[in-house]
Amino acid sequence: MSICFTLNGESRSLPAHTPPAMTLLDWLRAAGLTGTKEGCAEGDCGACTVVIETPDGARAPVNACLMTLGQAHGLALRSVEGLAAPDGAPHPVQAAMLAAEATQCGFCTPGIVMSLYAHARMGGDAHEALAGNLCRCTGYRPILDAVAALAVAEGAVPVCPASDITALGPPEHRFFLPRSLDDTLSLRRDHPAAWVLAGGTDLGLRFSEHRENPAAIICLRDVAELRGISAGPEGLSVGAAEPYAALLDQIADDPDFAAFAGLLRRLGSRQIRALGTLGGNLGTASPIGDALPPLLALGARLNLAGPNGARDLAVEDFLLGYRRNALAAGEIIARVFIPRPAPGAIFAAEKLSRRHDQDISAVGLSVLLERDGEVITRARIAHGGCGPMAARAPEAEALLQGAPFTEAQARAAGEALSRAITPMDDLRGTAEYRRVAARNLLLRLYWRAARPDAAAEIMALPTPHAPRFIAP
Ligand SMILES: Cc1cc2nc3c(=O)[nH]c(=O)nc-3n(C[C@H](O)[C@H](O)[C@H](O)COP(=O)(O)OP(=O)(O)OC[C@H]3O[C@@H](n4cnc5c(N)ncnc54)[C@H](O)[C@@H]3O)c2cc1C
Ligand code: FES
Ligand code: FES
């Protein structure tokens with residue numbers, strides 16, 4: 001069956017033999033739309049940024065190098081070729097970039113223009129909008145000047161008609177887009193070797209870099225039971241296939257999850273967060289998955305669905321070892337339940353990485369402390385990047401639980417944490433660095449929580465370029 005999407009306002013129906021695991025970037029460039037560039041082919045540089053548009057006028061930037069054609073099915077997409085007005089006049093974003101002399105070699109420019117085109121609707125922080133775009137020769141100051149000069153408001157764009165098609169591509173390379181959990185589980189039964197793909201920001205590298213082309217892919221994007229987020233007094237129920245961007249929208253103003261939101265804002269870039277999911281972070285069971293320490297500290301539980309029915313599992317019982325999880329054959333993660341911290345509890349989620357944005361963690365540390373007066377009644381501490389898997393730190397927890405939250409106690413717990421972890425040396429940091437960093441993160445938490453008057457932090461200098469987009 002044909003892959004269909006709308007590109008720059010025109011419906012496209014691809015020939016039936018088109019491989020659905022082909023990246024959108026490869027397809028665009030082969031189709032002659034070479035404005036979209038390939039820099040890194042792994043989601044890091046943003047040169048390949050295109051924008052997903054929805055009928056309500058919302059826009060989300062994505063990396064075309066990571067997105068497969070199968071994932072593009074049913075979407076309305078815009079590439080840089082689709083920005084100019086019918087008379088050829090440049091889009092206001094393009095005009096602003098030109099006027100601010102925000103381009104030199106120009107290789108990064110189409111991707112930056114597309115990120116800013118999405119930003120015109122998404123609003124928010126301009127640095128955040130550009131965190132997924134590298135420019136090596138212009139420097140960001142003129143680009144931020146262009147952002148500051150912009151005021152953009154446009155109408156919505158039509159989407160290609162929804163279809164019932166659930167199987168795309170030729171028989172030897174099927175791409176399934178089931179809409180229900182039952183159909184998903186049946187597909188898993190019938191195609192046990194199929195790859196399960198949510199946002200593809202991890203698996204996508206196997207298409208773009210390693211050029212793998214599996215016989216079958218089951219994409220979770222349209223599975224209703226795996227989407228949606230509900231928030232209640234007990235906590236959040238998050239569909240495992242719901243992109244981070246939606247989760248961030250949900251918790252951005254929720255004080256109980258402020259620390260989690262702060263961490264998510266540093267997970268990848270807007271492009272990565274538009275597709276990447278909690279299910280994918282858990283599915284990889286990577287020791288440096290950013291969402292795993294906060295889920296462990298908060299006591300999150302997973303709802304797994306499989307051929308023998310559903311079961312619930314705590315995240316700590318789900319993670320078994322280096323990139324190993326407890327999924328049984330044919331099972332998938334359906335939902336993630338994240339309990340709300342108790343009133344008055346301290347919840348912190350820290351990430352150390354070489355760059356502030358768009359970088360993988362060297363060390364992650366999340367801490368939940370419930371208190372009765374001065375005494376800590378419950379402590380949950382979880383680390384990432386400090387061993388073969390993200391895990392809790394029972395030795396450090398025991399030192400805090402039942403004790404007053406003092407600097408001496410925080411130091412003792414930090415030392416216990418540092419002794420208990422088994423980090424390795426790699427390009428993100430030595431084992432010694434990680435031991436010291438983990439200890440110090442616990443102390444940082446103490447200073448921030450208990451002595452906010454004494455704690456000081458130097459962050460990026462504030463930009464004078466407040467965004468002036470009008471988001472209709
Ligand atoms: C440029 C770039 C930057 C990144 N930055 C970060 C970062 O800062 N922090 C971080 O933690 N990660 C980062 N990542 C990694 C990635 O974005 C995350 O791990 C993300 O959560 C993966 O989610 P996904 O939906 O894209 O997973 P996919 O790629 O679709 O899948 C990943 C794995 O999980 C499995 N899976 C997915 N959903 C389910 C499910 N519901 N049930 C069972 N198995 C499932 C898949 O089969 C696959 O094995 C980055 C990646 C890139 C390319
Ligand atoms: S080519 Fe670099 S992010 Fe896609
Ligand atoms: S203008 Fe050359 S990389 Fe940005």
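This is a predicted model: local features need pLDDT of at least 70, side-chain atom pairs count only at pLDDT 80 or more; totals for chains, interfaces and linings use all residues.

Reply: Residues are numbered from 1 along each chain as its sequence is written, with chains lettered from A and ligands numbered from 1 in the order written.

Me: How far apart are the centres of domain 2 and domain 3?

Reply: The chain is divided into domain 1 (4–148), domain 2 (167–224) and domain 3 (343–455). These bounds come from an automatic or database domain assignment. Taken over C-alpha atoms, the centres of domain 2 and domain 3 are separated by 38 Å.

Me: What is the distance between the end C-alpha atoms of helix H4?

Reply: Helices are DSSP runs (H or I, at least four residues), as are strands (E, at least two), numbered from the N terminus. The expected span is 1.5 Å times one less than the number of residues. H4 (residues 109–122) has 14 residues, so it should span 20 Å; this agrees with the end-to-end distance, 19 Å.

Me: Which helix supplies the largest share of the shell around ligand 1?

Reply: A residue is near the ligand if its C-beta atom, placed from the backbone, lies within 6 Å of it. Ligand 1 is surrounded by 33 residues. Strand S8 (195–197), helix H11 (270–275), helix H12 (278–284) and strand S16 (332–339) each give at least two. The largest share, five residues, is from H12.
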